[in-house]
Amino acid sequence: MSQTGSARRNEEQAAEITILPDRERVSARPGETLLAALSRAGLGYRIGCRRGGCGVCKLHLLLGEVRYERTVAESVLSDEERVEGICVSCRAVPITNVVIELQEGDKLRRVLPLGFASSFVVKSQAGT
């Protein structure tokens with residue numbers, strides 16, 4: 001999936017993700033999906049299976065390029081959607097800096113980063 005106007009970055013560099021309409025910015029580590037980068041930064045929105053099977057986490061790729069390390073089924077992401085700039089955030093790995101926009105009705109919210117609660121529980125149990 002490609003949009004013009006973004007220079008490719010070195011595969012070892014982090015990609016910057018700008019999320020509209022909130023104008024939040026986060027960095028994706030090399031090889032990290034859009035959804036994983038947002039989750040790591042403590043941001044969330046409507047998601048589903050997290051494996052590319054449901055399409056609930058679709059969003060608009062307005063600028064930049066992403067790749068899919070695993071195939072996304074046509075039933076989840078059609079060719080027409082790809083042409084329109086729709087991507088599945090749980091599978092899309094940015095290969096340039098990207099600008100994304102949540103689907104209509106989705107809202108970005110602050111959440112605890114992945115693993116926060118489990119590390120808290122482990123530390124709490126270790127101290128008892």
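I take buried as under 20% relative accessible area, exposed as over 50% and partly exposed as in between (1.4 Å probe, protein chains only). The model is predicted, so I keep local features at pLDDT of at least 70 and side-chain atom pairs at pLDDT 80 or more, while totals for chains, interfaces and linings use all residues. Residues are numbered from 1 along each chain as its sequence is written, and side-chain values use heavy atoms, without hydrogens and water.

Helices (H or I, at least four residues) and strands (E, at least two) are DSSP runs, numbered from the N terminus.

Entry on Ile-19. Setting aside neighbours within four places in sequence, I find Ile-19 in contact (heavy atoms within 4.5 Å) with residues including Val-26, Leu-38, Ile-100 and Leu-108.

Entry on salt bridges (Lys or Arg side-chain nitrogen within 4 Å of an Asp or Glu carboxyl oxygen). I note six in the structure. Glu-81 pairs with Lys-58 at 2.8 Å between the closest N and O atoms. Glu-81 lies in helix H2 (residues 79-84) and Lys-58 in strand E4, so this pair ties together parts 23 residues apart in sequence. Lys-58 is buried, at 14% relative accessible area. Glu-69 and Arg-67 form another salt bridge, 2.6 Å from N to O. Glu-69 is exposed at 53%, and Arg-67 is partly exposed at 26%.
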